[in-house]
Amino acid sequence: MKGKHRKMLTGPFMLLMLLTLLLPVWIGSPSAHAAEKSGAVYIIPVDKPIEQGLGKFMERGFKEAENMNAGLIVLDINTPGGRVDTAEALGIMIKDSPIETLAFVRGDAASAGSFLALNADKIVMSPGSMIGAAAMVDSTGKHVDDPKLVAFWKSKMQGAAEKSGRDGKIAAGMTDVNMVVEMPEINKTKQKGEIIALSAEEALKVGYADHISNTPEEAATWLGYSQDDVFKVERTTAENISTFLTNPVVMTVLLFLGIAGVIIELIVPGFGVPGIVGIVCFVLYFSGNYIAGFAGAETWVLFTVGLIMMILEMFIPSFGILGILGSIALVAGVVRAAYDTSDAFVSLGIAFGAALVVIAIVVILFKDKGIWNRFILSEKLSADRGFSSATERKELIGMQGISLTPLRPSGTAMLNGERVDVVSDGDFIPIDTPIIVIKAEGTRIVVQQALPV
């Protein structure tokens with residue numbers, strides 16, 4: 001009886017022991033809190049280079065989520081990186097958000113993209129994704145060697161990682177090529193000259209990912225949120241257009257067409273098309289930057305004033321003062337409208353150089369229609385056009401007369417009863433000598449001695 005009674009107690013006892021062991025794991029699992037977490041899930045795509053246009057879009061998404069009392073913001077990341085200053089501002093926004101944030105790395109969270117992910121409360125990666133490779137590079141893709149800049153960016157990355165309890169040395173190794181970082185969890189050591197880029201599985205092992213999921217919806221479910229209220233923040237048409245127009249290549253093309261079109265219309269007026277194309281391109285340039293939040297109303301004013309001054313310079317003598325002031329205003333308007341001053345100068349320089357080539361070709365092809373013809377007397381006051389400086393005496397040619405004075409070679413002769421000033425054709429002609437008119441060029445009457453019949 002006692003043995004049987006002991007067997008009957010053993011089953012419930014073992015079940016109780018198992019539940020006791022699993023309870024902490026179950027309590028610590030995010031999915032265990034599914035019923036406890038409420039609020040909508042807002043998914044914000046971070047699928048473009050990180051610049052001010054993307055920043056404005058993300059700011060709008062965060063404000064919309066906050067206004068709707070969302071419970072979770074998911075950053076759907078797949079970006080090659082971008083501007084450090086923009087990433088820093090966005091990182092502060094993510095870190096200080098009153099709403100829980102989750103970075104879902106769909107593809108690459110490279111460079112500044114990894115910084116955004118590290119500022120989120122949780123990181124979930126999809127299979128085959130990557131995080132890291134955050135060394136600073138310049139516009140040509142070369143590594144930045146400035147120690148101050150490298151140290152600044154490394155400290156930002158390291159601080160973002162340590163905020164979430166991650167190993168700061170790994171984040172530093174994502175930025176500094178000169179560091180040596182050991183990662184025993186994945187049996188790897190970063191050597192000098194290398195930068196750290198982690199796959200999803202590696203990131204999970206070293207603590208740079210909290211979970212692996214296939215979709216942002218799955219990641220939200222893992223964190224304990226329902227999929228019933230999931231909203232994806234979509235870009236507006238204006239934001240899509242702005243993103244396209246603020247692309248550095250597109251900006252350069254717009255500036256080129258704008259400069260070439262306006263100047264061609266000014267120096268070769270009458271066509272209309274170059275002027276319209278030029279103005280439209282400038283409007284697109286400023287509009288794109290205005291929508292993206294780069295340009296203010298002052299940029300339009302500077303550009304308009306500069307254009308007016310350059311037009312006035314062509315008609316009002318100012319010894320170049322209006323032209324210089326107009327050029328300064330135009331350049332200031334274009335540069336201030338762009339997000340990055342150095343990029344704007346590069347785009348403007350390329351556009352201006354290309355425009356000069358096109359303008360030179362147009363000037364050569366349409367040299368007879370240029371505005372300079374208004375300031376050059378091109379009409380010839382020739383006799384065949386009805387112009388004459390004096391009455392011509394063509395009727396005197398062949399007429400005979402007599403010299404009233406010696407012709408040495410000029411003098412006076414009597415022709416058909418009229419005293420006329422004449423010149424000889426080179427020979428001396430005495431007084432009272434018969435003569436004959438051989439040329440009549442305006443007031444110049446040329447004669448020679450008449451031969452006896």
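This is a short chat about the predicted model shown above.

Visitor: What should I know about the model before we start, and how are residues numbered?
Guide: The model is predicted, so local features need pLDDT of at least 70 and side-chain atom pairs count only at pLDDT 80 or more, while totals for chains, interfaces and linings use all residues. Residues are numbered from 1 along each chain as its sequence is written, and side-chain values use heavy atoms, with hydrogens and water left out.

Visitor: How many helices and strands in the protein chain?
Guide: There are 14 helices and 15 strands. Both are DSSP runs numbered from the N terminus: helices are H or I with at least four residues, strands are E with at least two.

Visitor: And what share of the chain is buried?
Guide: Buried residues make up 39% of the 453 residues. Buried means under 20% relative accessible area, exposed means over 50%, and partly exposed lies in between (1.4 Å probe, protein chains only).

Visitor: What about contacts between residues at least 6 apart in sequence?
Guide: Of those, 59% join residues at least 24 apart. Contact here means heavy atoms within 4.5 Å.

Visitor: How far apart are the end C-alpha atoms of 294-312?
Guide: They lie 29 Å apart. That span is 84% helix and 0% strand.

Visitor: And over 345-366?
Guide: The end C-alpha atoms are 31 Å apart, with 95% helix and 0% strand.

Visitor: How do H10 and H11 cross?
Guide: Helix H10 (residues 248-267) and helix H11 (residues 273-291) have axes that come within 7 Å and cross at roughly 145°. Axes are lines fitted to C-alpha atoms, for helices over the stretch in contact, and angles run from 0 to 180 degrees between N-to-C directions.

Visitor: Which residues make that contact?
Guide: On H10 they include Met251, Leu254, Gly258, Val262 and Glu265. On H11 they include Val273, Gly278, Phe282, Tyr285 and Asn289. The contact residues divide into 14 nonpolar, 5 polar and 1 charged. Ala, Val, Leu, Ile, Met, Phe, Trp, Tyr, Cys and Pro count as nonpolar, Asp, Glu, Lys and Arg as charged, and the others, Gly among them, as polar.

Visitor: Where does alanine 355 sit?
Guide: Alanine 355 lies in helix H14 (residues 341-365). It counts as buried, at 0% relative accessibility.

Visitor: What does alanine 355 touch?
Guide: Phe256, Ile259 and Ala260, not counting residues up to four places away in sequence. The C-alpha atoms of alanine 355 and phenylalanine 256 are separated by 5.6 Å, though the two are 99 residues apart along the chain.

Visitor: New topic: glutamate 100. Where is it?
Guide: Glutamate 100 is in strand S3 (residues 100-110). It is partly exposed, with a relative accessible area of 22%.

Visitor: What does the side chain of glutamate 100 make a polar contact with?
Guide: The side chain of tyrosine 225, at 2.6 Å. A polar contact is a pair of N or O atoms within 3.5 Å; within protein, one must be able to donate a hydrogen and the other to accept it, and residues adjacent in sequence count only if both atoms are side-chain atoms.

Visitor: How far is glutamate 100 from aspartate 121?
Guide: They are 6.6 Å apart, C-alpha to C-alpha, and 21 residues apart in sequence.

Visitor: Serine 403: buried or exposed?
Guide: Buried, at 0% relative accessibility. Serine 403 is in strand S11 (residues 400-403). A polar atom of its side chain lies 2.9 Å from the backbone nitrogen of threonine 433.

Visitor: What joins arginine 408 and proline 409?
Guide: A cis peptide bond, with omega about -5°. Proline 409 is in the loop between S11 and strand S12 (410-415). Most peptide bonds are trans, and most residues other than glycine have a negative phi.

Visitor: What is the phi of serine 111, then?
Guide: Positive, about 50°, although serine 111 is not a glycine. Serine 111 is in the loop between S3 and helix H4 (112-119), and is buried, with a relative accessible area of 15%.

Visitor: And asparagine 187?
Guide: Asparagine 187 has a positive phi of about 60°. This residue is exposed, with a relative accessible area of 71%, in the loop between strand S6 (181-183) and strand S7 (188-190).
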